[in-house]
Amino acid sequence: MDFDCNLKHIKESITRAKEAGAGIRLGPELEITGYGCEDHFLELDTVNHAWECLKEILLGDWTYGILCSIGMPVIKGSERYNCQVFCFNRKIVMIRPKMWLANDGNYRELRWFTTWKQKDRFVEFQLPHEISEALSQTTVPFGYGYIQFLDTAVAAEICEELFAPNPPHTELALNGVEVFLNASGSHHQLRKLDLRLRAFIGATHTRGGVYMYSNHQGCDGSRLYYDGCSCVVVNGEVVAQGSQFSLKDVEVVVAKVDLDAVASLRGSISSFQEQASCKTNVSSVAVPYNICQPFNLKMLLSSPQKIMYHSPEEEIAFGPGCWLWDYLRRSGASGFLLPLSGGADSSSVSAIVGCMCQLVVKEIANGDEQVKSDAIRIGNYTVGEFPTDSKEFAKRIFYTVYMGSENSSEATKMRAKVLADEIGSWHLDVCIDGVVSSLLSLFQTLTGKRPRYKVDGGSNVENLGLQNIQARIRMVLAFMLASLLPWVHNKKGFYLVLGSSNVDEALRGYLTKYDCSAADINPIGSISKQDLRTFLRWAANHLGFSSLAEIEAAPPTAELEPIRSNYSQLDEVDMGMTYEELSVYGRLRKVFRCGPVSMFKNLCYKWGATLSPTEVADKVKHFFKYYSINRHKMTVLTPSYHAESYSPEDNRFDLRQFLYNARWPYQFRKIDKLVHELNGDKVAFKEPGNLEKLSGTASVAGMGVVAAAAGDPKAGL
């Protein structure tokens, strides 16, 4: 919704493309408005402002001599479409509406846009009056098709369309299109980039062609980080690739390609020739200009290059680090405050902020004036000063607070202090026992009773209540410090409170509602504990925070119960399951869409060599019991960086009820029956209602074992 900023970036990118001698400039999806406007797309203002920005681009010299594909929403009749507007020589050549909309996971495009369904022809689109008058152009072709220049053919394939079962590039290639333009709004997810690049490579490997891909990069105002990696692929080989993580506002990826290579490959494939001879014709718009340059020895063609992939540890460092920087500079805040416990999760967040500071200093050293300007403003530097050292910069913008209690150990206290020194944060050590004691005294005055910990003879209810008091006090104290500490140190603005709960704890509900997991934003909220521990080992060596190795090696503990010679609180003991098991449950529940019964069947295959069916059943029941009891906590989960496919985030990614029958009587009874069958017990089970009918084709436990027998439904076994 920042039209001034977006317009500035579009103009800058076109200028850079023209300076590089490009004939085609492709921007990301919905780049004028921003991809993440969501319900703002329903406002006429949003569409009108997009047209106003496009008019300004067309009235200047930006589109002269270069084909520009610019993304924006367009209303035609009564429908709103997600469109790529092709502009050339100060005119609109064609408007291409998106045909297949992204409508799963984090995406809700069908809420705001309509799919274009008339594939067989163009229709005339009446330009808005102000645009028509300014351009001396009244109508433009609207629909699915391609642009035919004198020397080549160009077409759009917008984001999700590439991943459809029958993508447009197939028939477009048979119609002679040589250059495909994919404007995208694709977010970062751990280990996902390879899937995306394989799609570009596959689109041109057997059909030939030049595939241009442009993606947003940065935080667009929500939980998603769009991870760039704009690229150009020729005949299945990557010849140019942009960065996946960057603090830059504008990055232009340029490639010089020989279209004769496309024609040569297609002419050598007999099946391509045969299918092209009986193709379905696709509509086209003729533009009587040459877009290619003649043969020139001074022009060096782009060569195939090795694809750059980051390790998952680097993704955890750079993705959330860049997201935090974008959020910080756009929010108007003066820095971050983090409750640092000395454990793995809060230490991971500290390391990510430390990495962010390193990226800022590095980008300034590389001459990025925008990053420098933002850093000077946020860090409150005097005239002529700017960040040159990441630790010094961290001291200005990052507070860490160790909030110890009588249940905290000296080991975690020292780990927090050492790590804060390594990163450079302004570190505070606070004891919360006085506040806890005051609240307990107030409770005792009101009720006449004083709760005790379980190790001291108290009940489970008392034990949980005492832990929750400590956790919630830390949340209140964190927000108080974030709002007042800048004032204490004569700084402007406020600090954003960072949360540090991970995806596995959220899935299990192993957190106190409104404790330190309740914050402004959380950079690790959808990253697994296993990935975070691997990241800590990596960061100890690669980010220069060596104390992280000791932190990673320590057993995870909440330190909310008293430490005794015969008792020490441990996370996995408290939860009744390991973090490794939680990752398995999470992926089966979300990625593979398993309910309790399907999960039991799958885990019998996965764990059957070491666990009996009864043990597997107990684990599945235990998980679903606590998952459903604690699901309500997801409704107030701190906005978290999206990085994992099994995130339980309730806002838009994982939409489920938060009030369950936590006993799951029907499902657990089905599991019990399967256990008895697998154990060979002859027990009769009476089940209410009609049982599911078994068809002639049976898929066993979701493992891809299929039986084509018409009679025995167990034939697949």
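These are my notebook entries on a predicted model of one protein chain.

**Entry 1: the whole chain**

I began with the overall picture. I looked up the secondary structure and found 22 helices and 21 strands in the protein chain. Next came the radius of gyration, which is 29 Å, while the globule rule gives 27 Å for 717 residues. The two values are close, so I noted the chain as being as compact as a globular protein of that length. I also took the spans of the C-alpha trace along its principal axes, and they come to about 90 × 85 × 45 Å.

How much of the chain is buried? I found that buried residues make up 53% of the 717. Then I turned to contacts with a separation of 6 or more: 71% of them join residues 24 or more positions apart.

**Entry 2: helices α8 and α9**

Two packed helices are described by the angle between their axes and the distance between the axes, so I went for both values here. Helix α8 covers residues 312-331 and helix α9 covers residues 344-365. I have their angle at about 75°, with the axes 8 Å apart. That angle falls in the 65 to 115 range, which means α8 is roughly perpendicular to α9.

Which residues make the contact? From α8 I listed I316, A317, F318, P320, G321, C322, L324, W325 and L328. From α9 I listed I352, V353, C355, M356, L359 and V360. Sorted by class, this contact has 14 nonpolar residues, one polar residue and no charged ones. Gly counts as polar, so I put G321 of α8 down as the polar one.

I went on to backbone angles. Most residues other than glycine have a negative phi, so I made a note of exceptions.

My entry for E38 is a positive phi of about 55°, although E38 is not a glycine. I located E38 in the loop between β1 (24-26) and α2 (44-59).

I found N380 in the loop between α10 (369-379) and α11 (390-397). Its relative accessibility is 42%, so I marked N380 as partly exposed too.

Definitions and conventions
Residues are numbered from 1 along each chain as its sequence is written. This is a predicted model: local features need pLDDT of at least 70, side-chain atom pairs count only at pLDDT 80 or more; totals for chains, interfaces and linings use all residues. Side-chain values use heavy atoms; hydrogens and water are left out. Axes are lines fitted to C-alpha atoms, for helices over the stretch in contact, and angles run from 0 to 180 degrees between N-to-C directions. Helices (H or I, at least four residues) and strands (E, at least two) are DSSP runs, numbered from the N terminus. Angles under 35 degrees count as roughly parallel, over 145 as roughly antiparallel, 65 to 115 as roughly perpendicular and the rest as oblique. Contact means heavy atoms within 4.5 Å. Buried means under 20% relative accessible area, exposed over 50%, partly exposed in between (1.4 Å probe, protein chains only). The radius of gyration is taken over C-alpha atoms; the globule rule is 2.2 Å times the number of residues to the power 0.38.
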